[in-house]
Amino acid sequence: MSRSKLLLYGNASSSAARRVRAVLIYKNVEFEEIMIDIVKGDAQYKALVNPMGMVPAVKFPQSDSVLFESLPIMELINELYPEKPILPKDPYELARNVFC
């Protein structure tokens, strides 16, 4: 079941979710956000979205699959929405900008 907007599962206190949100806003990607209470835990979220119960998690409009972890999410966003890239194309500049 495809949707028209990307769906971001986040939490206001999660720096990883804020990074993903910042990339989405920078790239002008329309998205909906569902806030998950990661302190209390959310059994339905764990069962249906992310069994680890952590945020961020994203459902892309192109697929019903869910992706977790901010770095792979941001890499996929950069590939799917190539306007306003978040990383340089030049391999040397990329090496200077990419770190964990």
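# Chatting through the strands, helices and salt bridges

Visitor: Quick one to start: which residue in β3 is the bridge partner of Leu7?
Guide: Lys59 is the β3 partner of Leu7. Keep in mind that this is a predicted model.

Visitor: And how do β1 and β3 run, parallel or antiparallel?
Guide: They run antiparallel, with 3 bridges joining β1 (residues 6-10) to β3 (residues 57-59).

Visitor: What's the strand order in the sheet?
Guide: The order is β2-β1-β3-β4, in an open sheet of 4 strands with mixed pairing. At the edges you find β2 (31-35) and β4 (66-68), each of which pairs on one side only. From one strand to the next, the twist averages 20°.

Visitor: Which strands does α3 lie across?
Guide: α3 lies across β1, β3 and β4, and its direction is about 125° to that of β4.

Visitor: Switching to charges. How many salt bridges are there?
Guide: The count comes to 3 salt bridges. As background, side chains of opposite charge can pair when their charged atoms come close.

Visitor: Which residue does Glu30 pair with?
Guide: Glu30 pairs with Lys5, at 4.0 Å from N to O. Glu30 sits in the loop between α1 and β2 while Lys5 is in the segment before β1, so this pair ties together parts that are 25 residues apart in sequence.

Visitor: Is that pair's Glu30 buried or exposed?
Guide: Glu30 is exposed, with 57% relative accessible area. Lys5 counts as partly exposed, at 29%.

Visitor: Where does Arg21 stand, buried or exposed?
Guide: Arg21 is buried, with a relative accessible area of 16%. Glu33 is partly exposed, with 28%.

Visitor: Which residue meets Arg96 in a salt bridge?
Guide: That's Glu93, with 2.7 Å from N to O. Both residues lie in helix α4 (residues 91-97), 3 residues apart, which is about one turn of the helix. Arg96 counts as exposed at 59% relative accessibility, and Glu93 is partly exposed at 35%.

Visitor: New topic: where is Tyr45?
Guide: Tyr45 is in helix α2 (residues 43-48).

Visitor: Which residues does Tyr45 touch?
Guide: Leaving out residues up to four places away in sequence, Tyr45 touches Tyr9, Ile36, Asn50, Gly53, Met54, Val55 and Ala57.

Visitor: How many residues apart in sequence are Tyr45 and Tyr9?
Guide: They are 36 residues apart in sequence, and 9.2 Å apart in space, C-alpha to C-alpha.

Visitor: What about Asn28, is its phi positive or negative?
Guide: Asn28 has a positive phi of about 55°, although it is not a glycine. Asn28 is placed in the loop between α1 and β2, and at 62% relative accessibility it counts as exposed. Glu30, the salt-bridge partner of Lys5, lies in the loop between α1 and β2 too.

Visitor: And where is Glu69 found?
Guide: Look in the loop between β4 and α3. Glu69 is not a glycine either, yet its phi is positive, about 75°.

Technical notes. Residues are numbered from 1 along each chain as its sequence is written. This is a predicted model: local features need pLDDT of at least 70, side-chain atom pairs count only at pLDDT 80 or more; totals for chains, interfaces and linings use all residues. Side-chain values use heavy atoms; hydrogens and water are left out. Two strands pair if DSSP finds at least two bridges between them. Helices (H or I, at least four residues) and strands (E, at least two) are DSSP runs, numbered from the N terminus. Axes are lines fitted to C-alpha atoms, for helices over the stretch in contact, and angles run from 0 to 180 degrees between N-to-C directions. Contact means heavy atoms within 4.5 Å. A salt bridge is a side-chain nitrogen of Lys or Arg within 4 Å of a carboxyl oxygen of Asp or Glu. Buried means under 20% relative accessible area, exposed over 50%, partly exposed in between (1.4 Å probe, protein chains only).
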